[in-house]
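Let's take a friendly walk through this structure together. Keep the sequence and the 3D view side by side as you read.

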Amino acid sequence: MSADTPRRIALLRHAKADWPDVSDHDRPLAERGRKDAPAVGLKLAETGIVFDLALCSTAARTRETWKLAVQEMPHRPKTHYEERIYDASPGELIALLNETSDEVSDLLVIGHNPGMHALADALAGRAEGDTLARMTRTGFPTAALAVLSFAGSWKSLEPGVGTLLDYWTPKGH
């Protein structure tokens, strides 16, 4: 696979979490989150993208979101649970994505806000249709999904190189 291969990256914020008396990292999904996670899995399936790799935060709510979402997808990508996604800044997330093998064309990241929204915003130098306006208007609520494309190697991923192809939230449906 050449370094200028078109690539796609999907950024998924975990579904709605509950607030029991546990550490933030151990918070489970709330009932609404357990309903929204399969819906975002269906949306991922509808994109037609066959993800080569999923990077998922180690937090309980992201792992639970991914477990419910992936059941709705026709192809289960290799999954790597990555503790560096938890509480990461956009710069830290880009540095992590820069480590991705160029064998990976399509990547899914399951993480948290404000990192997911800030990363989508930072990467989107261009946008299709009203996707950027919708993302700006709604913020990046739980179970929100942004799909971007860019050309080049993962090492070349930097702010402004992407095109925002799609933006979806459970409430928008």
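A residue is called buried when its relative accessible area is under 20%, exposed when it is over 50%, and partly exposed in between, using a 1.4 Å probe and protein chains only. T169 has 10% relative accessibility, so T169 counts as buried. You will find T169 in the segment after β7 (162-168). Leaving aside residues up to four places away in sequence, T169 touches T138, P141 and A144, where contact means heavy atoms within 4.5 Å.

A word on what you are looking at. This is a predicted model, in which local features need pLDDT of at least 70 and side-chain atom pairs count only at pLDDT 80 or more, while totals for chains, interfaces and linings use all residues. Residues are numbered from 1 along each chain as its sequence is written, and side-chain values use heavy atoms, with hydrogens and water left out.

Now turn to the sheet. Its 7 strands follow the order β3-β2-β4-β1-β6-β7-β5, forming an open sheet with mixed pairing. Strands (E, at least two residues) and helices (H or I, at least four) are DSSP runs, numbered from the N terminus, and two strands pair if DSSP finds at least two bridges between them. Which strands stand at the edges? They are β3 (78-81) and β5 (124-127), each with a single partner strand, so one side of each has no neighbour in the sheet. From one strand to the next, the twist averages 25 degrees.

Let's look at one pair of strands. β2 (residues 53-56) and β3 pair in the parallel sense over 4 bridges. L53 stands opposite K78 in β3, and the bridge partner of C56 is Y81, also in β3. In a regular strand the side chains alternate between the two faces of the sheet. Both faces of β2 are covered: L53 and L55 are buried on one side, A54 and C56 on the other.

Finally, the helices. α3 (residues 90-98) and α4 (residues 115-123) pack at an angle of about 70 degrees, with axes 9 Å apart; the axes are lines fitted to C-alpha atoms over the stretch in contact, and angles run from 0 to 180 degrees between N-to-C directions. The two helices are therefore roughly perpendicular to each other, a label for angles of 65 to 115 degrees, with those under 35 roughly parallel, those over 145 roughly antiparallel and the rest oblique. P90, L93, I94 and L97 in α3 meet G115, M116, A118, L119 and L123 in α4.
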